[in-house]
Amino acid sequence: MIEGILVGGYTDEKANSGITVLVAEKTNVAGISQRGGSPATLGTDLLRPMHRSNQSVDAIVLTGRSVFGFRAVNGVLLGLYNMGIGFKIGNLRIPIVVAAAIFDFYDNEVLPSEEWGFKAIEKLSTKIPIGRYWTGRGATVGKLKGIKYGKPSGQGYFEMEKGRLKVGVLSIVNSIGNVYDEEGKLVAGIESEDITGNNVVGTTLGVVITNAKLTNSDACRVASSAENGFSSVIRPYNLSLDGDTVFTIATKEIEVNVDEVIALAYYTARKSVLSIFGEVK
């Protein structure tokens, strides 16, 4: 994990779902790309250009259980508040937290609670488990013909370096589309690209983490590049009932040409997805 960012999470085995949290140890610049037609997000307008000048966040949360997952996000908010983390207004500390959710009500209707969020930040570390953990627990792919055809997916992470520049991408792949490797071979899904399922819902979430110094506009462009990387191995992508959303968080450690970050984010995003299926080369 890139220095300055800590991660935590919680898997609820009864719900077959969970929550993934990234907590920033210092000020940063964040951005967003949101292309899916049906997003479930919270606080994301703060990260768009033409909003507040300080786009630093305290935490980025990815959660299962669609909009009900924001109950768990409230636990993260309260937990950070209890830790004295947040934007100071008078005597208050207001945690700046943005969040996005996947729809994973495939085999039960168990709702999350604030306890998920509290548990997720109990033991923050620099390790991200890859596979069916945290928010990735109930993720599936290849739902073109319907939810019942979905194949197990999960949570991925990959990190690349170019000189002093570091870029890592966390992914939660819960797509309607199939996953293909970098040579175009089907990795997970069904041998079809025809959409015949009704009301099929899917979402891919991501967070690009970099040590580069970026503006908010740059950070949004980097997140968009990661979406391009996702779409190169997840097909189809950005459908009307997808909630695809990618964040960027930049720790402002090194000066670098933004195009280097954009390019590296693209390749890292591809490998992050493939890491879930043991297909990284």
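Visitor: In what order do the five strands of the open sheet run?
Guide: The order is S3-S17-S15-S12-S11, with mixed pairing; two strands count as paired if DSSP finds at least two bridges between them. Strands (E, at least two residues) and helices (H or I, at least four) are DSSP runs numbered from the N terminus. This is a predicted model, in which local features need pLDDT of at least 70, side-chain atom pairs count only at pLDDT 80 or more, and totals for chains, interfaces and linings use all residues. Residues are numbered from 1 along each chain as its sequence is written, and side-chain values use heavy atoms, leaving out hydrogens and water.

Visitor: Which strands stand at the edges?
Guide: Strand S3 (29-34) and strand S11 (154-162) do; each has a single partner strand, so one side of each lacks a neighbour in the sheet.

Visitor: In which sense do S12 and S15 pair?
Guide: They pair in the antiparallel sense, over eight bridges. Asn174 stands opposite Thr203 in S15.

Visitor: Changing topic, which residues touch the most other members of the largest nonpolar core?
Guide: Among its 31 residues, Val167, Val179, Val208, Phe230 and Ile234 do. Such a core is a set of buried (under 20% relative accessible area, 1.4 Å probe, protein chains only) Ala, Val, Leu, Ile, Met, Phe, Trp, Tyr and Cys residues joined through side-chain atoms within 4.5 Å.

Visitor: And which helix gives this core its largest share?
Guide: H4 does, with seven residues.

Visitor: Is there a second core, or what else is separate?
Guide: A second, separate core has 25 residues, including Leu47 and Ile60.

Definitions and conventions:
Buried means under 20% relative accessible area, exposed over 50%, partly exposed in between (1.4 Å probe, protein chains only).
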